[in-house]
Every structure is written in structure tokens, then in C-alpha cells.
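Subject: Structure for your review

Dear colleague,

Please find below the structure that I am handing over to you. My findings follow it, and I would ask you to read them with the structure open.

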Amino acid sequence: MPATRRQAFAALAGISGAAPLAARQAIAQASSRSEAAHEPGANKVVGLVDHEANGFTPHELLTEFDYGDTSTSPDGRTVREWTVTAVDKEIEIAPGVFFPAWTYQGRVPGPALRCVEGERLKIHFVNAGSHAHSIHLHSIHAASMDGVSGPSLVEPGTNFTYEIDAVPFGCHLYHCHALPLKRHIHKGLYGALIIDPDPARHPNNLAAAQGRRHGTAEHGRWQEFVMVMNGFDTNFDEENEFYAANSIAFAYANEPIRVARSRPIRIYLVNVTEFDLVNSLHLHGNFYDYYDHGTTLTPTLQMVDTVMQCQGQRGIIEIDFSRHEPGLYMFHAHQSEFAELGWMSFFDVTDA
Amino acid sequence: MSDGTEEVITRPSGGRFHGRWLWLALPFLGLAAILAVILIGRPLEQLSASAPPVEELSVDAVTLTPGLISLSVQADGSSPVTVAQIQVDGAYRDFTAEPSNEIGRLDVATFDIPYPWVEGETHHLVMVTASGATFEHTIDVAVAELSASSAAIGQMILVGLFLGFAPVAAGLLAYPAMRGAPEGTMGFMFALTIGLLGYLFVDTLSEGLEVAEGALGRLRAGSLVWVSMAATTMLLIAIGRRGGRPPEGLALAAFIAFGIGVHNFGEGLAVGAALGAGAAALATFLVVGFAIHNVSEGFAIAAPLTDEEPGLLTFAGLAALAGLPAVPGVMLGATAISPYWTALCFGIGAGAILQVIIEVGAMLIRRSPPRGAMTVVNLLGGTLGLAIMYGTALLV
């Protein structure tokens, strides 16, 4: 084998040797995994990720929304501001496997920026990385704010403020648009941009809009999760070695996502997987409604158990488990390859 | 060292001798100084500051038992290589590592991967290191490890006997005919022998070099093949000529038998490896091919004996020397020994054959009439020897 297989390297200190065991026990509890019953071994990664060293846990990524700081402009409009910093950071994407990532705020995916339709958004972007980066928002905005060229493409050590209106409402994404594009995206520069509908603008669909708008009573009963479907090409051969929702392979299989069956579930699902044309989410034992791009208040797909998204596509999934018996309900990419390489998860539906 | 210095000062008579040894230490002191500058002064730090590690892994052996894949993996690199995760057929799998999944330079670790592998099918393994580098290994045809049952061992011994001993013994049966051959055909016979051995030499050497590529680069198994070949040749020539005369007659026949024996050990390794790697369906075919191929090895052993009166026991001994090494070869090969040691075996085999080519050639020249050994008849003999070996090799 060629000695040219050189890879950026990780400090090996602290990698536990052979396999262990808390994670394995978590899986052992996942009794609904049929394969465990009749196959030797298991489809899993061996060991545990040091989430503390990463600076984030997969379960935080799932439920954390970054609402920024709000103020009111002289004309009475809400102005929402964030400061987002790009930094180079090595992250452990699977137990013992370290990836030299480029990140927003030291995490992959970057913060899930959340705002409300019609607000004025100001994103102060600081490039503390080693290459030129940008924030290219999937929204309706001016060319000068596009993050492709000119001042909005930010050289290392400099900064730029993106100012846009929060339109259209929906489930969107942002990512770096510096060239080479594939490398800048798959190295980790992406995140969700969620624009809640303003109920005042949707009198005909008021209940649906209120259910989506954070801060309302109707919204309070929802259990919301952000899932950015991604992959990592650790040997830089333009094929992903690991797949996941929110970066860490098998994270929600080792530690299922606990949900109360009495409350509805909403997933903001974004696909930023590079190299593979599509990704998908398939849910076991249930069907759901899907809102492509989240830009409508009525579902674009009803009663499905699998949705497919191309690169950059995203949408909202709404699931009702209220009439199900409690237990572990699996969900994963229905590309079996992705599932077996890490994009495998469970809802632990509890009787609450 | 201080002893020597003392003697230089106190005893000038013996000092010259000890002084000379002392001077020999100078280059080592120089080297120590160079290493001290590099390792302590670190003038090359700039070069390696941001350099990623070099990682290399080689799979030495794979054994399959029901529901389990076991890998023996050797590592090399600028620092220990950690196998963080393992894919089997594009899926991450549970595994355990012994002694550890962090493998030091040139150390070996064993990985046990519970997996429902499928008899007769191909399985792909990918090892992912801590740095995200990947190393692939393919199990071409999955078959269970040959068990250590007496039946399996009996089978392997049988394969080895059919492969080596039986055909060589059959070839030796040509002896009466060769002995009865007219005087002028001796040159032809020796030339034929050289041709036969020449093919075996090339074959052994190229197989050794091929298998060497599977070993870690740092081990330089390719160079080892050449070096072990040269060393073996020189050693055997020295042994053969220890009495001041080159070997002839029975001694030469014994050397030829030994060289062929080492070669057949290598052939046994190849057949054993084929059995172990799931080419069992090919076993009969392989053994038939090698048997035909190896009959002519008997001719080569018999050729120097035409002036002698060897007994039956001598023939049996020669056949055993040339043919029996195939038996342990098959058994070792079936247990999948590492490419490094296999390459060494082939290197020694090639060296042993080269020695007898040299000795048979020398004898041919000594016995040739003044016009030289390069007669048309001799050239025909040599060519025929090569052609026979090449032709029968096509059967394997």
C-alpha cells in the first residue's frame, strides 16, 4: 500500500483502546433491532465519541435553536442579529476517527439560525479560518448578500455583515459558497436556517402558522428537532466514509431520541450530503406529513414513510405517535449503505 | 572502550592492535554525533511540523470461522496506527482488538469481527484509522479455515505427497534410460537440466517478488528476496566446494534435489494458500498440474548420476529431499503465513536453484570438448528444458 496515504492527523491521546461498553449496552436495550436477534455481531461503531472535546453533543445539536439577539428598528420592525465565526477545528465524527473540519462556531452543522418571517436579519460573519469563506443563505435576497463573490466572500481575518429580509418562511439552509465548493461544503460549513411563518400574515391557516411560530402557546406542545443529513469523506477520495444526521455516526442509535407520544414531533430536515446525489429519511412503524422546503402551511406530501432529498433540498416532517404503543421506532436513510455507515437512529417513544 | 585506551598508553606493544580497533569506533562516534544533532537539536522540525502522519497497514492473514472474521494486521507509520473502525461489506461492525487497536510500528494486532459471512462469496473489509485513512482488504472467496482435524491434516499431507514426492520419484525412473544413452548425449542432458532449473529459478524468483509486494514497504521484502537468494547461492557454493573441488555425481544430484526441495516447499505454500483462501475447487486441478510439471524435476536430479552406481535407497533419499518439503509447505501455506516470510522462502529457494545451475553449468563446461559448451545440441537441450517447464506450467 502506498506510503502516499497521508492524512491530516489527530492527537491520538485519549482514544480508548478496544471497545466498550456503555454504548453497547444502550444498543442491547434497543430490543426492536431485529438483526441483533439472529446475526452475530452488530452494525455499529466501536467505542465512544468524546463529545466534551468536540464541544457539542449530538442531542444538543438536535434541539438547539439559535434565536440571536432581537431589537426593534425605528420603523417598528424586528431586527435579529447573530455573530457567526468560521474556525478550523478537528472533530471526532465517529469513535476514534478525527476529521479536520471547517466549522461555523466550532460545530458541524453550524448553529440552527431561527427567526420569523418578515424580520430584518443581520448576520455578522467573522472568518477566523485559514481559507476564504462565506455564508450563502438559501433565502430571497440581494446579489450583494449572496456570499459568492465581492465583499460577501470573506477573506481570512476579515468580516462581513449579511443583511437580508426573512423571506420566505420555511426550513432553509446556509453554507459556504467559496470555491472549490464541494470541499468547502463537505468540510463542514453548513447549517439550518429556519424562518417561522408570521401568523398575522396567514389568517387562512392561522392554527398551522401558530403551531410553527416559536413562542406561541400552540407551538409549545410540539417536540422539535433539527436534523442535518451529512457525510464525511475522511480519506478525501470523493466518497463518504461516514454518514449521519448531525455529524456523529450512529449517535441517535446509541442514545435514542426520547419523545412523549402525546405530543406531536416536527423535524426540520436538511440534506447537505456531498458526493451522493440523494439522501432520505425513512420512519419505521408510522407515516408522516412532509412540507417540502417548509414554505407551505399544508403538506406537500401526505401519509408517507420515506422522503427523498437531493443535495441542498430540505423540508419539514410532522409525526404523530399518539396512538402508538411506547417503544423504539427506528428511522434512517433508506439508502441502506448510508444507514449501515452511520445514518441510523431511533425514537424512544415514551408513554407521556 | 576505556580498557582499550588504557592499554594503548601502558602497553605500546599490544597497543597497535587495540588502537586499530579503537579507530573503528570513530565512524560510530561520528554517527552518534549526527543523530544527536538531529534528534536533540531538531533542525528538521520545520519540515515535519505540519506533516500528516504516514500510515500503512497490511493484512497478513484472514481466518474465517463460523460467524467470525479474524484479521491479523501489521502496521507501519510515523507513529502508531489506530484502527478506529472497521467496515465489512460497506457497514460498520462491532469488533474487538488484541492486544489493542493502536498498533505500534511493525507490530501486529488481531481483530475479531463477528459477522455472518457467506460461504463461497466475496467480502470486502475497510479499516478506518484515527486520521480517517482507509485500508481495504478483499476476501475473494469465503471458506472456513481448514480445521486442525486429523482428516484435514491427512488430506494436506496427501496433497503435498502428490505435489512433490510422487512426481519427482516418477521422474527419477528415467534414470535407466539416461544411463543407457550414448556418450555424446551427456552434454544434451546437462543442458536440458540447466533449462529445467533455469525456468524454476525465474519462476521462484518472480513469485517471491510478487508475494513481497503484499508485505509492508518498510520491511523491503523485495530486496530480501534478492539478498536471501544471493546469500543462499554463495553459501551453498561454499559448502559444495569446501573440499576444493566442485560437486559432481551424487553430491551434485543431492544439491539439485535440495534446491528443488526448497522450490517445492514454495510450491506447497502456494497450493496451501490456495486451499486456505477458498480456491479448494482448484485443488485437484492444481495438484495435477504441479505433478506433471514436477516430473521433469526428477530428470534434473538423475542427470549427474549417470556415471555412478547409486542404490535404490539413494534414489529414495533424493526423491524425499526434493519432494517431501512440499508437505510442510502445504500445511504452512494453509495457515496463511505472512507475505514477508513467504517471500524469504522463495528467495532461499531461488538461491538454492541458482547454485545448482552454476554447478551443472560449470560441469558442462568442464566436460565439453575444446570447441566449447555452446554447441547446437546443448543449446537445443537448454531450450527444450525451458520449454518443457513452461509448457507444463501452463497446466497449473
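A:Glu238 counts as exposed, because 11 C-beta neighbours lie inside 10 Å and a residue with 12 or fewer is placed in that class. Please bear in mind that this is a predicted model. A:Glu238 sits in the loop between β10 (223–232) and β11 (242–245) of chain A. Its phi is near 65 degrees, a positive value in a residue other than glycine.

A:Ser247 also has a positive phi without being glycine, with a value near 80 degrees. This residue belongs to the loop between β11 and α8 (251–254) of chain A.

In chain A, the bond from A:Leu179 to A:Pro180 is cis, with omega near -5 degrees; A:Pro180 is in the loop between β8 (170–175) and α5 (181–186). In chain B, the bond from B:Glu98 to B:Pro99 is cis, with omega near 0 degrees, and B:Pro99 lies in the loop between β5 (96–98) and β6 (102–103).

As for the chains as a whole, chain A contains 9 helices and 20 strands, and buried residues make up 45% of its 352 residues. Chain B contains 13 helices and 9 strands, and 44% of its 396 residues count as buried.

In soluble globular proteins, nonpolar side chains tend to be buried together. Here, the largest nonpolar core has 120 residues, and A:Ala192 and A:Ala249 have the most contacts inside it. Beyond its neighbours within four places in sequence, A:Ala192 is in contact with several residues, including A:Pro109, A:Cys171, A:Val226 and A:Tyr268. Another core, of 80 residues, lies apart from it; B:Phe201, B:Leu305, B:Val327 and B:Ala373 are among its members.

Finally, I would draw your attention to a pair of helices in chain B. The axes of α6 (residues 186–212) and α13 (residues 376–393) come within 7 Å and cross at roughly 40 degrees. The two helices are therefore oblique to each other, and their crossing is right-handed. Their contact has 15 nonpolar, 9 polar and 1 charged residues.

Yours sincerely,
A colleague

Technical notes:
Residues are numbered from 1 along each chain as its sequence is written. Chains are lettered from A and ligands numbered from 1 in the order in which they are written. This is a predicted model: local features need pLDDT of at least 70, side-chain atom pairs count only at pLDDT 80 or more; totals for chains, interfaces and linings use all residues. A nonpolar core is a set of buried Ala, Val, Leu, Ile, Met, Phe, Trp, Tyr and Cys residues joined through C-beta atoms within 7 Å. A residue is buried if 20 or more other C-beta atoms lie within 10 Å of its own, exposed if 12 or fewer, and partly exposed in between; C-beta atoms are placed from the backbone. Two residues are in contact if their C-beta atoms, placed from the backbone, lie within 7 Å. Axes are lines fitted to C-alpha atoms, for helices over the stretch in contact, and angles run from 0 to 180 degrees between N-to-C directions. Helices (H or I, at least four residues) and strands (E, at least two) are DSSP runs, numbered from the N terminus. Angles under 35 degrees count as roughly parallel, over 145 as roughly antiparallel, 65 to 115 as roughly perpendicular and the rest as oblique. A crossing is left-handed if the near helix is turned anticlockwise from the far one by less than a right angle, and right-handed if clockwise. Ala, Val, Leu, Ile, Met, Phe, Trp, Tyr, Cys and Pro count as nonpolar, Asp, Glu, Lys and Arg as charged, and the others, Gly among them, as polar.
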